[in-house]
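Trainee: I have a new structure to read, and I would like to learn how to go through its features with care. Could we begin together?

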Amino acid sequence: MTTETPVQPTDSPDSKAYTFQAEIAQVLDIVINSLYTHKEIFVRELISNAADALEKFRHESLIQKGLPDSDRALEIRVELDEEKKIFRIKDTGIGMTEEELQRNLGTIAHSGTKSFLKKMAEGAKEDVNLIGQFGVGFYSAFMVANKVTVETRSFQNDSQGYRWESNGIGTYTITPAGDLPRGTTITLELKEDDAEYSKDYRIRDIITRFSNFVNFPVFLGEEKINTITALWTKSKSQIEEKEYEEFYRFIANAPDEPQFTFHFSADAPIALQSLLFVPKTNMERFGFGKTKPGVDLYCRKVLIMKHPEGLLPDWLRFLRGVIDSEDLPLNISRESLQDSRLIGKLSKVIVSRFLKFLGEQAEQNPEKYKEFYATNGQFLKEGLVQDFMHRDELAKLLRFESSKSEPGKMVSLQEYVSRMAEGQDKIYFINGPTRAAIEAGPYLEAFAARDIEVLYTFDSIDDFVLNNLANFQEKAIISADSGEVELPELKEVETPENAPLPEDRAAAFCEWLKGTLGDHVASVKTSKRLKDSPALASTEGTMSSTMQRMMMTMGDEGKQADAGKFMTLEINPRHPLIKKLEFLRTNDEAFAKQLAEQLYDNTLIAAGILTDPRTLVQRMNQLLSKAAGL
Ligand code: ADP
Ligand code: MG
């Protein structure tokens, strides 16, 4: 990497200067020039790095016996010099080698695309906390410091000490520093305006507010000022709501309270203690890319791995928190995590209990659950499609508006099934942009006329999920616009007006329609489900037209697929327009043809799948001219 070669000689003969990787230079520019509020978060970021370094060392020392000076206390010390405007933080953690200094404090692990940084920059102006969430917390030191010095020695045998120095603008230097103790000391020379961060009362307040839960003693001067509790190991009755909230803010770098707190322990089939939080915001919805997992793995309060992949299923990546199990080996590696049977068991227990917990929340507090569902429901749907093991549990957590719910209220599949009338053997849903659009469309009337409930899906993802689920408690789930919908015949009082076309004429009419529409339609048939609409388009098979549209857009790009050719046109043989059309086809065939084409296009519009409106507009204009008597 070009950024790793020295660019210029410096004062000390041994010191080498480096340029920051372009992305880091950008981050620094943002930090130095555009972040003015909540600067105090730098304290939390540096303490959290120190704690990470201590956790790593503790872990190493447990799996490799006899590391040099392994008896040094694991702790963090903050030292202040008001006169010289100095903030200093020392840890006895894992330290860094020269190469690690370059890699960790000069480059960014993220792909570092411009768009990512732009988003972070915009986000950070609103909420400085983002800087920590995006793995660039160290650089927050430059919000308050003119110059930052990092002195460090790695825990490894025969490591040398090194000094890293920078003013945050463009370059940094690394100089051998001889015989340093294990760990890292970071010194901030504060800006004039930020001298407050060398004051005892100020720092004390910040640490107790943001870093109270750090797993190692934090000293300010000679005094230990944090309470070290592994909150997850305490019993629920001993924990106050406020402590959960503080712990959440600490562990998730979050500014607010969690949406849900799930504190759970078990003895069998595996001993575990877990404290998991659901955040109120879903960063994926803001275009920040895929959320990284945020649950730490502990064994008897010792961190084994921070945020490992593969601990919980991917679709639970929105959770933040801790899982602790004394049954785990300390030296489990990231690679072996996914194959570990123990982890599999652990995960299964937690996921099932968590889903059960969500189910209870949905019962007890539907409004809150609705908020959760709106922000994080996407993850449940993803799980339902991907994770066969938990599919039934996840299906119970789905929620939809329905023809029998009040607007804005949601129902579960369970509720739907429980109020199905005798004889109904399927669960119906229909997609549309809004409730009003669905209720004005042709599909619903048949169900309304028979008092059958229909679930509304406003997002095509829901159609995909329901299609994938296929059935719930042995009831098939099908789209209301599917050709497989079979509804009981309506008992109507026959009048001359609503009498249907005789069967032979209806059959001949269908044949004529198919001939007229040609390849644009798959088939034409009479339908018993319609009431007030003359016709509707249904799909072949159980797929919904929304799914049909999704499949179409996945095909050849640029080529506008003719959606209609997969559809069945169902006509209402009782409708006056259909009867009139049947009369016109033998009396004014040219006009009848125009009307038939228009009728068909109307059904495609209602189904949301008309792909090319041009011929429709032309024809419509001709019909308008005719209607206007021209
Ligand atoms: P993050 O902590 O999210 O990885 P940071 O920007 O805060 O991002 O830190 C970058 C990296 O620098 C850390 O991942 C770690 O490898 C290294 N680092 C920072 N502070 C320390 C420290 N006190 N001791 C050892 N390594 C550190
Ligand atoms: Mg950090």
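Mentor: Let us begin with a definition: a residue is called buried under 20% relative accessible area, exposed over 50%, and partly exposed in between, with a 1.4 Å probe and protein chains only. By that scale R505 is partly exposed, at a relative accessible area of 37%, whereas E582 is buried at 6%. Please keep in mind that this is a predicted model, in which local features need pLDDT of at least 70 and side-chain atom pairs count only at pLDDT 80 or more, while totals for chains, interfaces and linings use all residues. Residues are numbered from 1 along each chain as its sequence is written, chains are lettered from A and ligands numbered from 1 in the order in which they are written, and side-chain values use heavy atoms, with hydrogens and water left out.

Trainee: In what kind of contact do the side chains of E582 and R505 meet?

Mentor: They meet in a salt bridge, with 3.0 Å from N to O; the term stands for a side-chain nitrogen of Lys or Arg within 4 Å of a carboxyl oxygen of Asp or Glu. This pair links distant parts of the chain, since E582 lies in helix 18 (residues 576-587) and R505 in helix 16 (residues 503-517), 77 residues apart. Helices (H or I, at least four residues) and strands (E, at least two) are DSSP runs, numbered from the N terminus.

Trainee: How many salt bridges does the structure hold, and which residues are linked in a network?

Mentor: The structure holds 33 salt bridges, and E284, K290, D314, R317 and E382 are linked in a network of them. Within it, D314 and R317 form a salt bridge whose closest N and O atoms are 3.6 Å apart; D314 is partly exposed at 33% relative accessibility, while R317 is buried at 5%.

Trainee: How many disulfides does the structure hold?

Mentor: A disulfide is a covalent bond between the sulfur atoms of two cysteines, counted when the pair of sulfur atoms is within 2.5 Å. The structure holds zero disulfides.
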